[in-house]
Amino acid sequence: MSRPPIDPEPRPPGLRGATRVLLERELDLAWSGGGGPLLACGFFACLTAVLPLAVGGDPRTLSPVAGGVAWLALALASLLSLERLFERDLDDGALDLLALGHLPLESVVLIKALAQWIAVGLPLALTAPVAALALGLPLSLAPLTALSALIGGAGFACTGTLGAALALGAKRGGLLIAVVVLPLFIPPVVFGAGALERAASGQSPAPALAFLGAYVLFAGVIAAFAGAAAVRNAQG
């Protein structure tokens, strides 16, 4: 009498499979429990709508500051969902499993930053041209606004993930994240608004976009190693 076939043991996922699973998990978490992207876009739209009510709707007043105000609102909107990045994993024990998984913590931090960029940065980049146009920015600058916001959103995601890791386990983590992250948001705001200002004055925005891209690369490297070290320190 032949024995029934024995089911083979499940093979552990490789690095590619683990990366895909973690990215899908982070994207699902970003959309659940409060709708981070929708909240960020709603805050962004409300913040840009308040300025014309405060200073008046004269295009001559709004147009010179439209790019800077749009980028400032973009930076503030990017803060809203950062507190949940690591804190929820620490509370339910998932962070310990991630630390023991197939991926190094540096990769986990970068994947979380990538998911934050896709889930929050991309919707904000699509909302940015509409908000900038409402503030009086010329219609011809709408594509540049979306492109610069998309690049800058990656920088916001990397530095925001670093701030969330540094504030892990601290009381009033949201306030601490804002204190840590807001100074790091200054360079992309300056470069992004500078790109729009140069384009509006007839100059090439390429230098400002190049600086913006360089900042994103720098922030990604720093966030990976410093964020992983902060997570290990929080785990004890």
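Reader: Which residues have the most contacts inside the largest nonpolar core?

Author: A nonpolar core is a set of buried nonpolar residues joined through their side chains. In this predicted model, the largest one has 54 residues, and those with the most contacts inside it are Phe-44, Trp-71, Leu-74, Phe-86, Leu-124, Phe-156 and Val-231. Helix H7, residues 105-134, gives the largest share of this core, with 11 residues. There's also a second, separate core of six residues, which includes Cys-158, Leu-162, Ala-219 and Ala-223.

Reader: Let's pick one of those. What is Leu-74 in contact with, leaving aside its neighbours within four places in sequence?

Author: Leu-74 is in contact with Phe-44, Leu-124, Ala-149 and Phe-156 once those neighbours are set aside. Phe-44, Leu-124 and Phe-156 are themselves on the list of residues with the most contacts inside the largest core.

Reader: How do I read a pair of rings, then? Why is the pair Phe-191 and Phe-211 called stacked, for instance?

Author: You look at the angle between the ring planes: under 30 degrees counts as stacked. For Phe-191 and Phe-211 the planes are at 25° and the centres 5.4 Å apart, so this pair is stacked. The pair also links distant parts of the chain: Phe-191 lies in helix H10 (residues 186-200) and Phe-211 in helix H11 (residues 206-235), 20 residues apart.

Reader: Now helices. How do the axes of H8 and H10 cross?

Author: To read a helix pair, compare the N-to-C directions of the two axes. The axes of H8 (residues 142-166) and H10 come within 10 Å and cross at roughly 170°. That makes H8 roughly antiparallel to H10.

Reader: Which residues of H8 and H10 meet?

Author: From H8, you'll find Leu-144, Thr-145, Ser-148 and Phe-156; they meet Pro-188, Val-189, Ala-195, Leu-196 and Ala-199 in H10.

Reader: Zooming out, how many helices and strands are there in the protein?

Author: There are 11 helices and zero strands. Buried residues make up 43% of the 236 residues. Among contacts with a separation of 6 or more, 81% are between residues 24 or more positions apart.

Terms used:
Residues are numbered from 1 along each chain as its sequence is written. This is a predicted model: local features need pLDDT of at least 70, side-chain atom pairs count only at pLDDT 80 or more; totals for chains, interfaces and linings use all residues. Side-chain values use heavy atoms; hydrogens and water are left out. Rings of Phe, Tyr and Trp (its six-membered ring) pair if their centres lie within 6.5 Å; planes under 30 degrees apart count as stacked, over 60 as edge-to-face and the rest as tilted. Helices (H or I, at least four residues) and strands (E, at least two) are DSSP runs, numbered from the N terminus. A nonpolar core is a set of buried Ala, Val, Leu, Ile, Met, Phe, Trp, Tyr and Cys residues joined through side-chain atoms within 4.5 Å. Buried means under 20% relative accessible area, exposed over 50%, partly exposed in between (1.4 Å probe, protein chains only). Contact means heavy atoms within 4.5 Å. Axes are lines fitted to C-alpha atoms, for helices over the stretch in contact, and angles run from 0 to 180 degrees between N-to-C directions. Angles under 35 degrees count as roughly parallel, over 145 as roughly antiparallel, 65 to 115 as roughly perpendicular and the rest as oblique.
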